[in-house]
Amino acid sequence: MRILIVEDEPALLESLSEGFTRDGHVVDGSSEGTEALYMGQEYPIDAAVIDLGLPGMSGMEVIRELRKAGRDFPILILTARDRWEDKVEGLEAGADDYLAKPFHFEELRARMNALLRRAGGFATPKLKNGPLELDTAAHRLEMDGEEIKLTTFEYRLMEYLMMNVGKVVSKLELTEHLYPDDAERDSNVLEVMIGRLRRKLDPHRDTQMLETLRGRGYRLKQLADA
Amino acid sequence: MPEAGRRNSLRGRLQAAGTLPILAFFCIGGLLLDQAVQRYAEASMRQQLENIFYGLISLVEYHPDHGFRLQGALPTPALGALATGLSARVLVGDRTTFWESPSMQAFDLPLPEELAQGQDRFRFLDLTAPASHAEYAYAVAWEVAPESFVKLTFQVLQASGDYHEQVRNTRILLLSGAMTLGILVFAGQALMLRSGLRPLREIAHDLHALRSGESRRLEGAYPDEIQELAEALNSLMDAREAQLQRYRNGLADLAHGLKTPLSVIRTSLERGRLPREVAQDLDDQAGRINELIEYHLQRARAAGGAFGAGRVELARLAGQLQRTLLKIHHERHLRIEYEIADDVFVRMDGQDMMEVLGNVMDNACKWARSAVHVQATPQDAEVLLRVRDDGPGFPAGERAHLTQRGVRADERTPGHGFGLAIVSELVELSGGRLELADAPEGGAEVRITLPAA
């Protein structure tokens, strides 16, 4: 998942970026409102963490502008102002959740995962699709109750496909959501990764659950409950 | 208004101060006018009788052989008639009548009292019969021969019934005129006081609205004398508001300044570069610092129940908090309902009220199994606000502690410890009360009573 983090305290921005990157997300960091708004509008962001107390354009304005521009990814507000007035204003401006400073990264991660799941249409931390079960808290994939070992990149790929189950996901979309901006975007690598994931999910090539649609992208099929 | 208020009213004072001079004016003026009327009537009566006397004296003739007699037509035909009330006689000396009018004989009117020569007299005779009369008498010295004088006394009488009636009529006219005028003057005075004091009543009304938070400024169009007072009050209110705002902004900046470094500390500790126990200890300390900052900042930024603190529309506030809390507690699938009429207002600062209801409703959401219910009922001059959940309820015996400063009922629920203590303080600052109770369906119920607005 690609996460936008907007925080003007460099040390906090760094530790949040590090935390989310370690969890396998792609992080776009910004310490300034106007830049954050640009990123939020132009990059394929899946979720954002926005500090309200920004210099220049305030976090509240960034949220309002993003929503006005039709960007509907989940937004979590961080703020040191913990008055209810600020919480209400932030959530009415279009944010989805709220975390008061100082916080534990664990709590931020839990709330972020909840928001991402909610955006993907799942109500629990465990995403299910037929025999497949992806535990987003433990980063585990099970098929018919048996764990399938995945590398970090494979997990991210799988998570994105599970969040978009039944939908066609283009190569471009995948690279944008799974690679940082400056990373080398080699579509051959992606094809190799898809191939490896397919072998793990469908070793006997009988379910055909991960389809390749020529020139359009990939699709994880909606499967019947086992 | 009670008695004391009435006695102290400007209007009462002005009315009293205005009434005395007006009453004095009418009494003295009336008396003087009455005197003037009487004098004028007397003078004109005297003039009338004097004219008849002059007419009579011009008719007197003396003949050495026949003595005195009247020669020619009487000065007024009325002297010859009986019913006119006018009578006259002429005497030689004091007692010997040599001429009298027919009415004088008919009514047997008294002789004049003795007068010295050249003297005259006008008076009213209060006769029992036939009627009261006005009398004019004059004693002249008539030269019958050189150096030989005879005293002639002239008496003219006019029945004075008409005169008295006229005076009485004039008096009645005067009195009723004065009374009408008096009523008009008093009505005018009352009207003047009313319109003169109306701006004061208006400003009192506007001040009441200001106090109850219905308005934020004195906006009326007042006369110049009061306008300055209103402007002074307005700038005082503005200054107070600006000061509170500055103060709150300063506190918010302070909170931001302190909490961001605390966040850095916490997230850094989680990176696991320090031994686990050390990191845990430091994290606990950071948590304590944060709670203290929060508690004291929350207390410090309370506006409290100062004059014109404001007026909060509870239904709108509850609606905002409902939407916010539904988002925050999305995962819990709670039902958050409120039952508040649109016209329920409480007298409290808006931010304070938001803190109170936000904290209480958020607490209820944390403990609820499935539902949170908020209800507001107006009771006379107060509003009873009830927030209940279907959770485990307050632990027995701990209710009293919960509202005390800094006591935490449950270390696991963040923000729970100071929440109710802050709420309790904010409520009391605005002149309200907070009570913890058991909800009828089990669960906790927080009851907050606040002054209505």
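Student: How many bridges join E11(A) and strand E12 of chain A?
Tutor: Strands here are DSSP runs of E of at least two residues, helices are H or I runs of at least four, and both are numbered from the N terminus. Two strands pair if DSSP finds at least two bridges between them. E12(A) covers residues 217–220, its pairing with E11(A) is antiparallel, and the number of bridges is four.

Tutor: Some ground rules, too: this is a predicted model, where local features need pLDDT of at least 70, side-chain atom pairs count only at pLDDT 80 or more, and totals for chains, interfaces and linings use all residues. Residues are numbered from 1 along each chain as its sequence is written, while chains are lettered from A and ligands numbered from 1 in the order in which they are written.

Student: Which residue is the bridge partner of Glu211(A)?
Tutor: Look across to E12(A), where the partner sits. That partner is Arg219(A).

Student: And which are the edge strands of that open sheet?
Tutor: The sheet has three strands in the order E10-E12-E11 (chain A), with antiparallel pairing. An edge strand pairs on one side only, and that picks out E10 (168–169) and E11 (210–213) of chain A.

Student: Is Leu152(B) buried or exposed?
Tutor: Leu152(B) lies in strand E7 (residues 148–159) of chain B. A residue is buried if 20 or more other C-beta atoms, placed from the backbone, lie within 10 Å of its own, exposed if 12 or fewer, and partly exposed in between. Leu152(B) has 22 of them within 10 Å, so it's buried.

Student: How far apart are the C-alpha atoms of Leu152(B) and Val140(B)?
Tutor: Contact means C-beta atoms, placed from the backbone, within 7 Å, and Val140(B) is one of the residues that Leu152(B) touches. The two are 12 residues apart along the chain, and their C-alpha atoms are separated by 5.3 Å.

Student: Which helix gives the largest share of the side of chain B that touches chain A?
Tutor: In total, 28 residues of chain B are in contact with 26 residues of chain A. Helices H5 (224–269), H6 (276–300), H7 (314–328) and H8 (350–367) of chain B each supply at least two residues of that side. The largest share, 11 residues, comes from H5(B).

Student: What does Ser15(A) in H1(A) meet in H5(B), along with its neighbours in that contact?
Tutor: On the H1(A) side, Ser15(A) is joined by Ala11(A), Leu12(A) and Leu16(A). Across from them in H5(B) are Thr260(B), Ser263(B), Val264(B), Thr267(B) and Ser268(B).

Note on methods: Two residues are in contact if their C-beta atoms, placed from the backbone, lie within 7 Å. Lists of a residue's contacts leave out its neighbours within four places in sequence.
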